[in-house]
Amino acid sequence: MSRRLLPSGDAALLVECDTLDEVLALHDALAAEPPAGVLELVPAARTILVSVDPERLPLESAATWVRRIPADSAARRSRLEAGVAATSVAATAIDEAVVDEVIVDVVYDGDDLRHTAGLLGVSAESLVARHQAAAWRVAFIGFAPGFGYLVSDDWPFEVPRLDAPRPRVPPGAVALAGAFAGVYPRQSPGGWRVIGRTDAVLWDPASPSPALFVPGRRVRFRAVDRA
Amino acid sequence: MVVVEPGPLALVEDLGRPGLARLGVAGSGALDRSALRLANRLVGNPDGAAGLEILMGGFRARFDDEAWLAVTGAWGPVALDDRPAPPYTALRASAGAMLEIGTAERGVRYVLAVRGGFDEPVTLGSRSRDTLAAIGPGPVAAGAALSIGARPEASVPLLDRAAAFPPPAGAVTLALMPGPRAEWFTDAARTTLFDAEWRLSGQADRVGARLTGPALERRVPGELASEATVPGSIQVAGDGRPTILLADRPVTGGYPVIAIVAPASLDAVAQLRPGQEVRFRHA
């Protein structure tokens, strides 16, 4: 695993990895035992932003800490095997370390389901079966509050985005793009291919744990007849 | 306090909601943070009490009960009951008094603090409005009644007038720190960043401040996978023009960040007027 440290102001550094898998492994290792003064870890597709309070943890010390994390992902495996959920390093009181896996009930009747299955050369029924069978994991959040990018080792597909994004995608739309699955937390424009819908509340700013999908959380989808 | 005229945009802001970027939530909060801190100190509030960020002025509000208030940030005419009142000063409004904040002459964002702070609902630990994510209290509408919190323990400081440093009218120089993707740009672009005369474009809000000037040329072509940004990140879009990302920015961005405005310079960005000249120096 290679790892580059890039400057990001006087209170953060950006750690770059070669692949998303390396990001996930390193994120888990960093989140397992953050030193005092680490305020937040923000994973993305190839990077993790490490935010610190420089008065408690100088950036040079944070850099040393990041460099010393072993290159193998043993920490990740052992933590997953132990059933420990991911990140809880935030400076806030939000307790998100309790839920290890969430199950999201889906009505698979999305406008793009059949066409997307056709693009991938499978039947709609088979695409739905694979979507449910896959063990998903929230890799990172982007685009909007609570919009999780879900990845799975069991998911073989690369799904092209819509040529023209929809101006309005309804909240709860279950969608695919690239190697990712996602669910729209609220109505927004969007270019992902919609295969279903859920009643699950993805984002509730009034709740002490506002996001259903937080980095590291495991997710499974389950077909239901009616949302 | 009843808002009679909110002006173009009046938002409740405190020091924001840090630490939630991994959930997709930006820090938000007052764009000119030192103006909020100063206004709060003038009326004896804790630094992070919620104030009103008032864009450009044209603001009028009535106090039903007596209150202490202070106006900082942008520089322009302030009047209490039609009598001119000094800005950057603790002012006592009697019951029924009308506060008027006129069009800003310097800067663009006034901060109004009241003793006790605005007691609006808290979302994710903050009373701030995040304009991009639509979190927190909505823009203040004409006729809105804003409740004021309990009087803080601290008294109104005896020294009730702050040395006023109104936002400058001329060129503003901002200190820059290296950005994570400086290497994605040509040497010429990195030199141009510091040599050129930039100007604030008309496209500037709480999400980002876009600058006009020469195009910054990329050395590395292609797409950048989205990555987390910090406030002050100077993101360069496909056309080569820089945008300074501000408090309500999307927490991840897909354009390379060439440099980062030092936190000490970031409040000055909040007060830039469209067309105003901006220069960069090394922090």
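Reader: What area is buried between chain A and chain B, and what percentage of it do carbon and sulfur atoms give?
Author: This is a predicted model, and the values that follow are computed from it. The size of an interface is often given as the accessible area lost when the parts come together. Between chain A and chain B that buried area is about 2400 Å², and the part of it given by carbon and sulfur atoms is 63%.

Reader: How many residues does each chain bring to this contact?
Author: Contact here means heavy atoms within 4.5 Å. By that rule chain B contributes 29 residues, while the number from chain A is 37.

Reader: How many salt bridges are counted between chain A and chain B, and which residue of chain B pairs with A:Glu40?
Author: Side chains of opposite charge can pair when their charged atoms come close. Between chain A and chain B the count is three salt bridges. In one of them the closest N and O atoms are 3.3 Å apart, and the partner of A:Glu40 is B:Arg22.

Reader: Which element gives the largest share of the side of chain A that touches chain B?
Author: The elements giving two or more residues to that side of chain A are β1 (3–7), β2 (12–17), β3 (38–43) and β4 (47–52). The largest share amounts to four residues, and the element that supplies them is β3(A).

Reader: How do the axes of helix α4 and helix α5 of chain A lie to each other, roughly parallel or roughly perpendicular?
Author: The axes of α4 (residues 113–120) and α5 (residues 124–133) of chain A come within 8 Å and cross at roughly 90 degrees. Angles of 65 to 115 degrees count as roughly perpendicular. The relation of α4(A) to α5(A) is therefore roughly perpendicular.

Reader: Where in chain B does B:Arg181, the salt-bridge partner of B:Glu227, lie?
Author: The side chains of B:Glu227 and B:Arg181 meet in a salt bridge at 2.8 Å, N to O. The pair links distant parts of the chain, 46 residues apart, with B:Glu227 in strand β14 (residues 227–228) and B:Arg181 in the loop between β11 (172–178) and α2 (187–195) of chain B.

Methods:
Residues numbered from 1 in each chain as written. Chains lettered and ligands numbered in written order. Predicted model: local features only at pLDDT ≥ 70, side-chain atom pairs only at ≥ 80, totals over all residues. Heavy atoms only, no water. Axes fitted to C-alpha atoms, helices over the stretch in contact; angles between N-to-C directions. Parallel < 35°, antiparallel > 145°, perpendicular 65-115°, else oblique. Buried area = accessible area lost by both parts, 1.4 Å probe. Salt bridge = Lys/Arg side-chain N within 4 Å of Asp/Glu carboxyl O.
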